Amino acid sequence: MCVHCISKTTYQEINYTLAVKINETVWTLDKENAIYSTQDNLTQITFPFNDSLGFGLFDGPVQFQFSMSALEEDGNVTKETNPCTTSEQFKTPDFICGSPDYDRSQTPRYEMCRQYLCVQCVSNVTYQLINATLGFLVQDKVGYSYKNLTFFRTEVDQTTITFQFMDELMEILAYGYQIQYQFSMSVLDNDGRRRKEISPLSEHMKYDKPTEIYFTINGKNDSVVEVSGDMLSFRCTSNGYPAPVLYLDSTQFIIANLFDNSLISPGIPVNISIHDRLASGSFTCYYSSQFEDRVEKRMFVLNHSQLRLTSNKDVDKDIDIQSVGSLHFLTDYSSSFDVAGYPAPNSILLSSNGIDITDGVDLTYTVYFEKYVFGYISVNFTDHSLLKKSSNYSLTVNNGHVAIFTFSCADCKDVISKSCTTRTSLVCITSFLLFTRLLS
């Protein structure tokens, strides 16, 4: 709260005091407690009521008395002591306004405060018929908050007024101009008394738009990050003031996305358990505003995980045995099936009926081009007789996580039969040609 004393005369020298009487206690405020200004033949002296003066200790009737002695422009000395003002109820200013900021909470009271700067003024008193304004001073130009962008909320023993910055102000700030603001209000308190309050002009605030995102995953900021543990830890900050609202987005290759434009608190890590999950994919931390260009940083994660059939991609734990079903072999005794996981296996072992098969078979893993976590396992029987001995097989694949794939060769007899028929025909043709050559 302030007391303003105004004169339509300018002076060469002036001394002044303001006596403040609350209950039976009297303060005398002088030049050290006042702001003096002259403009357009007007002299204004403002006495702000700061907490440091001790007024916050009192609540009661108040009276003011202004006194001054001054040297006028024509050299005359004038003295003046105003009569005491009418007694009125004194109450210290109880609205406290924060700095312009964004609402970074997961459940914002006003969604627009994520995109627009907002100023919140809070009082621990409830009021009726509130009329409040926030004035802005930018480049010597004055503007005021819009009523349709001013929001009031009254709760138990608390009144909150939220002022949203308008489009024009956000656009001006994006150019790097400094701003000052001032809160004023007129209310009807619970005793039916009309109260007015004008806060002092704020300090200068310079808005700096964000231009760079600082994003790490498990403490690394490489474009591709390999993760072998069970946890992903995301930390994201940016430059700019006030700190902007940041979001995390992700695109996983296999499982459902871990993030979908999710809000992240700047500098506070977000930890996600990926135990036995196929969480490889791209992750992006970004800032987006209709007043500025989008700023983002994208990183790619390759998490070590068990190789699985794509039909098992959503299972949140390693699978002991995975059934491929019947594999259809070509006439060259080869077949393959698709898998997903990372990294590539360091060993593949074929067995049947509990007996390992190490000879007469080629087992390979091939990754699809630039797919990282997608590939296929090929089985090629170079010893065709193996297919006659059994039709059920197991593949034990180890890439740091053990996976067992079972499959059957339901059409192996047909493949062998066709192969044998082909070989018999070749033998007959060769014999016929040899017999013809001998006759000639």
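I take a residue as exposed when its relative accessible area is over 50% and as partly exposed when the value falls between that and the 20% under which a residue is buried. The model I am reading is a predicted one.

Entry one, the two asparagines. I looked up Asn-353 and found a positive phi of about 55°, although the residue is not a glycine; Asn-353 sits in the loop between S29 and strand S30 (355-357). Because its relative accessibility is 66%, I count Asn-353 as exposed. I then turned to Asn-261, where phi is near 50°, again a positive value in a residue other than glycine, and placed Asn-261 in the loop between S21 and strand S22 (262-264). At 39% relative accessibility, Asn-261 goes down as partly exposed.

Entry two, the cis peptide bonds. I noted that the bond from Tyr-241 to Pro-242 is cis, with omega near -10°, and that Pro-242 belongs to the loop between strand S20 (231-238) and strand S21 (246-252). I also noted a cis bond joining Tyr-342 and Pro-343, where omega is about 0°, with Pro-343 in the loop between strand S28 (334-342) and strand S29 (347-352).

In the largest nonpolar core, which has 66 residues, I listed the members that touch the most others, among them Phe-165, Phe-215, Phe-234 and Phe-283. Apart from this core I found another, of 24 residues, including Leu-327, Tyr-393, Leu-395 and Val-397. Going back to Phe-234 and leaving aside neighbours within four places in sequence, I recorded contacts that include Phe-215, Leu-248, Phe-259, Ile-268, Pro-269 and Phe-283.

Conventions
Residues numbered from 1 in each chain as written. Predicted model: local features only at pLDDT ≥ 70, side-chain atom pairs only at ≥ 80, totals over all residues. Heavy atoms only, no water. Core = buried A, V, L, I, M, F, W, Y, C linked by side-chain atoms within 4.5 Å. Buried < 20%, exposed > 50% of the residue type's maximum accessible area, 1.4 Å probe, protein only. Contact = heavy atoms within 4.5 Å. Helix = DSSP H or I, 4+ residues; strand = E, 2+ residues; numbered from the N terminus.
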